[in-house]
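Subject: Structure handover: aromatic pairs and cavities

Hello,

Here is the structure for you to look through. My notes on the cavities and the aromatic rings follow below it.

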Amino acid sequence: MNVEFAIERRTAMRLAGVMALGASGSFVAACTGTGSSKSHPAGKPLPAPTGSDFIFGYGSLIQRASRTSTWAKAEEAAPVVVRGISRGWYDRVDTVSWSPTYLGAVSKEDARCNGVIFPVTPEELRDYARRESGYRPTRISSRNITMLDGSTSPPVGTVWYFANVTRRYPSERYPIVQSYVDVCLDGCLENEGHFPEARKAQFAKEFIRTTSDWRAPWFNDRIYPWRPTVHVPRANTIDTLIRDELGEDLFDQITLPRR
């Protein structure tokens, strides 16, 4: 993975001394097989053959580098807003070592959540389910999806997202960490750069506004945090978004790791 990008979920755990384990044994009992279709150019509507499976990524999967760390073919994705899904800081990976709190999502009738959708084969779908171990794969109705890539309607197929089974919030042992926030917001800024409709919809701000439970403890765990743009090129823009949208009181509580 490019060192200029922040670490994604499994890499963050590896650096903490733990690898994410487990698989979602009951997710898909479909046949295997990988496609070889060429990715569409950035900023164009997402093509989709009838009967495809898609994943709605609402956290680290928004960022291209994070998506492609699981499957290299997942370069291109379409920005969307989904009604009926509520996102928040309440997912936790059980481990004997330290681990941050991650983003999770649950069904909620009056909520909305932005993110990206991208096509997957059955084999790729299983691998992403293994990556998102602990979540429940859940279908999204196409009528709840608004495209922000220039398309007039969602692609034909089944769209899945990884929903939380339980909600456990940030704590001293499981804080929010900036490296993971960076992955998500960097992905949002990528989409604003590629898709005019995402930019018009203020995709990065929408991500912050439609995510609940922003709170301390929140550790700034960027490598060499005094020169963050060396490793996170959009660090200053991300920090400005956080400060402006969530207020200076919370922003001032973001600290360096104490361990």
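A cavity here is a set of grid points where a 1.4 Å probe fits but cannot get out, and its lining residues have an atom within 4 Å of such a point. Please keep in mind that this is a predicted model.

Cavities

There are two cavities of 30 Å³ or more in the structure. The largest cavity holds about 110 Å³ of space. Its lining is made up of 11 residues, and those nearest the centre are Tyr58, Gly59, Ser60, Leu61 and Glu132. Sorted by class, this lining has six nonpolar, three polar and two charged residues.

For the second largest cavity the volume is about 80 Å³. Among the residues lining it are Ile62, Arg64, Arg67, Glu75, Glu76, His194 and Phe195. Helix H2 (64-68) and helix H4 (178-194) each contribute at least two residues to this lining, and H4 gives the most, with three.

Aromatic pairs

The structure contains eight aromatic pairs. In one of them, the ring centres of Trp89 and Trp214 are 5.4 Å apart and the planes meet at 65 degrees, so the pair counts as edge-to-face. Trp89 belongs to strand S2 (residues 78-92), while Trp214 is in the loop between strand S8 (211-212) and strand S9 (218-219), so this pair ties together parts that are 125 residues apart in sequence. Both Trp89 and Trp214 are buried.

Phe118 and Tyr128 form another edge-to-face pair, with 5.4 Å from centre to centre and 65 degrees between the planes. Phe118 sits in strand S3 (residues 101-120) and Tyr128 in helix H3 (residues 122-131), so the parts tied together here are 10 residues apart in sequence. Phe118 is buried, as is Tyr128.

Trp89 and Trp214 also belong to a cluster linked by ring pairs, together with Tyr102, Tyr180 and Trp218.

Charges over rings

Which residue lies over the face of Phe118? That residue is Arg67, 5.8 Å from the ring centre. Arg67 is also one of the residues that line the second largest cavity. Elsewhere, the charged end of Arg167 is placed over the ring of Tyr90, at 5.3 Å from its centre.

Regards

Technical notes. Residues numbered from 1 in each chain as written. Predicted model: local features only at pLDDT ≥ 70, side-chain atom pairs only at ≥ 80, totals over all residues. Heavy atoms only, no water. Phe/Tyr/Trp six-rings, centres within 6.5 Å; stacked < 30°, edge-to-face > 60°. Helix = DSSP H or I, 4+ residues; strand = E, 2+ residues; numbered from the N terminus. Buried < 20%, exposed > 50% of the residue type's maximum accessible area, 1.4 Å probe, protein only. Lys NZ or Arg CZ within 6 Å of the ring centre and 35° of its normal. 1 Å grid on protein atoms, 1.4 Å probe; cavity = no way out; pocket = protein on both sides within 12 Å on 5 of 7 lines; lining within 4 Å. Points joined across faces, edges and corners; volume = space filled by probe spheres on them. Nonpolar A, V, L, I, M, F, W, Y, C, P; charged D, E, K, R; others polar.
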